[in-house]
Amino acid sequence: MKRVVPISAPPPEEAPGAAAGANDVMHLMRPGPLQLAALPPLSLYVHLPWCLRKCPYCDFNSHEWRAGGDALPEERYLDALVADLDAALPLVWGRTVHTIFIGGGTPSLFSPASIDRLLGDLRARLKLAPDCEITLEANPGTFERDRFRAYRAAGVTRLSVGVQSFNDAHLTALGRVHDRAQAIAALEEAAAAFDTFNLDLMYALPGQTLEGLDADLDQALALAPPHLSVYHLTIEPNTYFAKFPPVVPEDDTAYAMLDRITERTGLAGFERYEISAYARPGHRCAHNLNYWQFGDYLGIGAGAHSKLSFAHRIVRQVRFREPRLYMDNALLAHAVAQSDEVALSDLPFEFMLNALRLKEGFSLAQFGERTGLAVTAIQRGLEEAQRKGLVERDLWRVWPTPRGLDFLSDLQTIFLPDG
Ligand SMILES: C[S@@+](CC[C@H](N)C(=O)[O-])C[C@H]1O[C@@H](n2cnc3c(N)ncnc32)[C@H](O)[C@@H]1O
Ligand code: SF4
């Protein structure tokens, strides 16, 4: 049974720093600059913020759990997620949720019983599509036999396994808590327990050669994953690697690696449907596709981001990042730290930032539907991108050329607002 949440519940005491009125639906529904004919599909993102150890390259909102042997505060965190969702429900009232992604951090640190409770709590409050994709991120370092089957039994339909490499020396350099053997065991178990799963790899790793990359691809393809995500290792600001940069392959080698990845995955029956994503037919990640198609998402959990459309505006929200602060505030129904309306002038860039990652690009109708803007808003940019050989178009669609995908940030930059 759905719990009824009053539309304008009196706010509890103001939490320090909370975004006032973030969940005030009447305010968000008032007349405004946009006119959206329809709302886009809605996804739900749930962030579980803890990891066994912080990887030196990682800038996600992930926090090492070092509590001297204390168990994770799973129950309190789940209570906070429910309070967070209850407070946000009026913003998505009546809308169907098409996909759920439980990401992190390392969600597989949470017990199957906790994931079962979480999914029960979500189902009790949200209208899920009958074929709702429910993904959970898993780390081979938290893998035990039968754990994945228990997630499946709880209702998870898809695992995303963060492997990064099958080479023990690279795994050590990346600070991973698992080794090659654990990665293979986890993937074999994922294949046995799930109809579909994703394997995350990174390339251009410290000390990696083209032959080394081939060995990683040999191993990955031998496990026949239905979906592969392959990311160029980036040195993100405010990470250990930014302070102590490792020696990584030259740009030319990295480009050659990417060509090799695309060629070999293609021969193995995968399609590169997004800049970093390769899928066998029928196994694309519906959740990520909704991001790239400028769909809506409600993000609950520490530091989670949301993008929500209303008839007259599009709003972005961010929850408190630090897990304890998040829990304290979410339990008071004040999880949102920041809430901003997307300026009309930023919408073309925001749309293009996502849609141009897709090999199939986007339809002009979809641009109008999702941004409420006329195609004239991107006309000049499209002409420039076409002149530079970065996109192709027909009367209905626009899509990046192979060169456009190779120089994606140059292509996206064309659509930055003037000034
Ligand atoms: C949200 S992360 C978390 C997944 C999971 N916690 C793990 O690490 O196994 C998803 C993926 O992003 C990729 N990633 C994270 N940091 C990266 C970086 N600095 N450069 C490239 N890829 C990165 C990794 O492949 C990782 O599996
Ligand atoms: S396990 Fe994943 S989320 Fe956690 S620190 Fe490493 S890369 Fe980041």
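**Ground rules.** I number residues from 1 along each chain as its sequence is written, and I letter chains from A and number ligands from 1 in the order in which they are written. As the model is predicted, local features need pLDDT of at least 70, side-chain atom pairs count only at pLDDT 80 or more, and totals for chains, interfaces and linings use all residues, while side-chain values use heavy atoms, with hydrogens and water left out.

**Confidence.** I looked up pLDDT, the predictor's confidence in each residue, from 0 to 100. The chain's mean is 93, and 95% of its residues reach 70 or more. Over residues 1-14, pLDDT stays under 50.

**Asp 296.** I found Asp 296 in strand E11, residues 296-301 (strands are DSSP runs of at least two residues, numbered from the N terminus). Is Asp 296 buried or exposed? Asp 296 counts as buried because its relative accessibility is 0% (buried is under 20% relative accessible area, exposed over 50%, partly exposed in between, with a 1.4 Å probe and protein chains only). Beyond four places in sequence, its contacts (heavy atoms within 4.5 Å) include Pro 40, Arg 95 and Lys 307.

**Asp 340.** Next I turned to Asp 340, which sits in strand E14, residues 336-341. Asp 340 is partly exposed, at 40%. Leaving aside neighbours within four places, Asp 340 contacts Ile 314, Val 315 and Arg 316. I also noted that Asp 340 and Pro 40 lie 300 residues apart in sequence and 19 Å apart in space, C-alpha to C-alpha.

**Ligand 2.** Among the residues surrounding ligand 2 (a heavy atom within 4 Å), I listed Cys 51, Arg 53 and Asn 139.

Technical notes:
Helix = DSSP H or I, 4+ residues; strand = E, 2+ residues; numbered from the N terminus.
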